[in-house]
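This briefing is intended for reading beside the sequence and the three-dimensional view.

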Amino acid sequence: MERRPFGPVPRDVAVIGQGTWYIDDAHRPTVVAALRRGLDLGMTHFDTAEMYGDAETVVGEAITGRRDEVFLISKVLPGKASRAGTVAACERSLARLRTDRLDCYLLHWPGPHPLEDTFAGFERLREQGKILAWGVSNFDVPDLDAAWRAGGEGRIACNQVLYHLEERAIEHAVLPWCEAHGVAVVAYSPFGHGNFPGPRTPGGRVLEDIAARHGATARQVALRFLVRRPSSFTIPKASSPEHAADNAGAGALSLTEAELAQLDAAFPLGPRPRRLPML
């Protein structure tokens, strides 16, 4: 599995990680097995959040005995992200995850509390050794500018955003902003949240054609396209060990410039939206 620098974090992170939104809806032993299979295959980048129901406890079970292998991320809900609330929320997440630390802690989206207060909570947690780094999620460029002013240079580790083949809005401004400021970009819902292009659609046929050339799958090709830039990571979800293995296969895939251009044409960028899309 390829690893890359993750913003200012002092360690490299797996480019293909494991998302956990709605993972608690599936059969728990199978989901735990899927997470562990992904970990075996190098998908050591685990993403979860307090909003994701019972997902943190599922992740905690999956990484028991293997915590040091994992780059672990969770998120605080905006309504709880006051200075003291951020610290309390993190401590609850740590208990559910059965660990004493997070590698990165994110503000899930911009909310009612001043960013200065949320970031002060993050810094307190970092000083206590309960988090290694912190970042944001679902931040558009004006939000990122405000976060940069509030947090200071070199503090924001990542911005986690909606990004898949048919939703490329971040490429207009968010992705360039993050690259210019040394902030990692983490793509969530990389398969379109249940709306992946089918093999009979025009875009799906392009995916299948490229996949056939590499002995890969269409989903592996899609994941590789999303992480084609050095600042980018993605966190697909898998609810079975087989699906986890398929996701992990994207980590070693290499697409040519011509193939990237094919995908770019098959899934055009589209106009810049007024607001950053999010789920």
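Helices (H or I, at least four residues) and strands (E, at least two) are DSSP runs, numbered from the N terminus. The model is predicted, so local features need pLDDT of at least 70 and side-chain atom pairs count only at pLDDT 80 or more, whereas totals for chains, interfaces and linings use all residues. Residues are numbered from 1 along each chain as its sequence is written, and side-chain values use heavy atoms, with hydrogens and water left out.

**Helix α4**
- Just after α4, Gly129 adopts a positive phi of about 80 degrees.

**Helices α7 and α8**
- Helix α7 (residues 202-214) packs with helix α8 (residues 218-226) at an angle of about 95 degrees, their axes being 8 Å apart; axes are lines fitted to C-alpha atoms over the stretch in contact, and angles run from 0 to 180 degrees between N-to-C directions.
- Therefore α7 is roughly perpendicular to α8, a term covering 65 to 115 degrees.
- Leu207, Glu208, Ile210 and Ala211 of α7 meet Ala218, Val221 and Ala222 of α8.

**Asp47**
- Asp47 lies in strand β3 (residues 45-47) and counts as buried because its relative accessibility is 1%.
- Among the residues that Asp47 touches are Thr20, Tyr52, Lys75 and Gln160, not counting residues up to four places away in sequence.

Key:
Angles under 35 degrees count as roughly parallel, over 145 as roughly antiparallel, 65 to 115 as roughly perpendicular and the rest as oblique. Contact means heavy atoms within 4.5 Å. Buried means under 20% relative accessible area, exposed over 50%, partly exposed in between (1.4 Å probe, protein chains only).
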